Amino acid sequence: MKIGFTVDVLIGLFIINVGFFAAGLLWFSHHNRQANRFLACLMAALSCWLIDGFFRLAGIYQQNANLYFLPIFYSFAFGPLIYIYVNSLTNSTFQFKRSYWWHFLPVAVQAGLYLFLTLQPYEFRNWFWNNIHSPYTYSIEFDGTLLSLLVYLLLSLRLLRKYSRYVQENFSETSQLTLRWLRVLLVIIALVCGQWAIELILRHRFNLYFQYDYSYWLLGLLLIVLGTAGLQQTNLANVQFRDEAVPDSLPLLPKTDVQVSPEQIAQVRRAMDTDKLYLNPTLTLTELARHLGLNPKVVSLIINAGIGQSFNNFVNSYRIDEVKQRLRTDDLTRFTLLGIAFESGFNSKTTFNRIFKEHTGQSPSEYAGQP
């Protein structure tokens, strides 16, 4: 068999190998173990899908038609695996329930069909292609994959929105928890869905087909982002977000909406003013509640309804005040700005700069009058 090694073929082969290699690393990763195994399955499924595109680019199908209908198509698993990955990554106690297997029923049928066809003689596969797959099952597979991705994409975005609120309400340091890369990933998936939607409209409405497989390279880009970001994701073992525990909308409550006593507000503020808990760079709502001897939900209510802030903003406002107070002294002669920030409870330069500007409208160096 002769393969024409063009630039496209070489890049495609490289992406597929990277996909399988990264999937292996993720499967045996020690942190975020359960989430990474779902991600590894997703990457393996994507890599298998890309093999089909590679065979087309390299002209392999033209040389050996027996390779058609290899059991490498698991596109109905893309959406469920993305959604379950987001669930398991944002909740270290996530358990895969039996009911979740229903999400994978379509891909089980898809895989079973291709496995059945692989075991059939070429004549039968050729008949199936011309009489069933080309006029019917190809469209069902393509359109169904698009619909599945859209549904699970929306569910994943909704879940991430709730998770963002949970992080703001439970952690004072969020730089490692925000999962911004995952939002970028979902945007790439949305681009893939958009390109597929255009292809669907052209095919069904105008009987036109792309001469170039753009989705192949979009999925390749998705695979690279998945592998890189998944392997670099910090350990989220302390995160126990549960979707069902958080409503779709959680606006901060005005002080008049819920009865919070002045004594409760004073108790929370005393933990900051006197005990200076904000100096702990990894302070969480649970730790504050434990210090006060109160239920975390009660403390959250006091901060939200009584003070009118999220937990994250509440704690960081004290850290900013600490920095500003120290800048009024001669601390700058003994510490750098970053050193003062670390002494005040921050543990990330990027987070410090961002939060300081949000609270003061100036960068730390501008505020301190430094060049």
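This is a guided tour of a predicted model, moving from the whole chain to single residues.

**Whole chain**

The fold consists of 15 helices and zero strands. Along the principal axes, the C-alpha atoms occupy a box of roughly 85 × 45 × 40 Å. The radius of gyration is 26 Å, whereas a compact globule of 371 residues would have one near 21 Å.

Switch to a surface. Of the 371 residues, 45% count as buried. If contacts between residues at least 6 apart in sequence are taken, 74% of them join residues at least 24 apart.

**Two domains**

Colour residues 7–232 and 262–368 separately; the domain assignment gives these as domain 1 and domain 2. Their centres, taken over C-alpha atoms, are separated by 42 Å. Where the two meet, domain 1 contributes 10 residues to the contact and domain 2 contributes 18 residues.

**Aromatic pairs**

Now show the aromatic side chains. How many aromatic pairs does a search of the whole structure find? The search returns 34. To look at one of them, select Phe142 and Trp196, whose rings form a tilted pair, 5.6 Å centre to centre with 50° between the planes. Phe142 belongs to helix α6 (residues 122–170) and Trp196 to helix α7 (residues 180–206), so defined as DSSP runs. The two residues are 54 apart, and the pair links distant parts of the chain. Are Phe142 and Trp196 buried or exposed? Both are buried.

**Arginines over rings**

Select Arg319 and Phe346 next. The charged end of Arg319 sits over the Phe346 ring, 6.0 Å from the ring centre. Then select Arg326 and Phe335, a second example of this arrangement: here the charged end of Arg326 is over the ring of Phe335, with 5.4 Å to its centre.

**Two residues with positive phi**

Most residues other than glycine have a negative phi. Go to Phe69, which is not a glycine and yet has a positive phi of about 70°. Its place is the loop between α3 (60–63) and α4 (78–89). Why does Phe69 count as buried? The relative accessibility of Phe69 is 5%, and the cut-off for buried is under 20%.

Move on to Lys276, another residue that is not a glycine but has a positive phi, in this case about 55°. Lys276 is found in the loop between α9 (262–273) and α10 (285–292). Because its relative accessibility is 36%, Lys276 counts as partly exposed, the class that lies between the buried limit of 20% and the exposed limit of 50%.

**Thr360**

Finish at Thr360, in helix α14 (residues 349–360). With a relative accessible area of 24%, Thr360 is partly exposed. Which residues does Thr360 touch, not counting those up to four places away in sequence? They are Ile320 and Lys324. Draw a distance from Thr360 to Lys324: C-alpha to C-alpha the two are 9.8 Å apart in space, with a separation of 36 residues in sequence.

Note on methods: Residues numbered from 1 in each chain as written. Predicted model: local features only at pLDDT ≥ 70, side-chain atom pairs only at ≥ 80, totals over all residues. Heavy atoms only, no water. Phe/Tyr/Trp six-rings, centres within 6.5 Å; stacked < 30°, edge-to-face > 60°. Helix = DSSP H or I, 4+ residues; strand = E, 2+ residues; numbered from the N terminus. Buried < 20%, exposed > 50% of the residue type's maximum accessible area, 1.4 Å probe, protein only. Lys NZ or Arg CZ within 6 Å of the ring centre and 35° of its normal. Rg over C-alpha atoms; globule rule 2.2 N^0.38 Å. Contact = heavy atoms within 4.5 Å. Domains from an automatic or database assignment.
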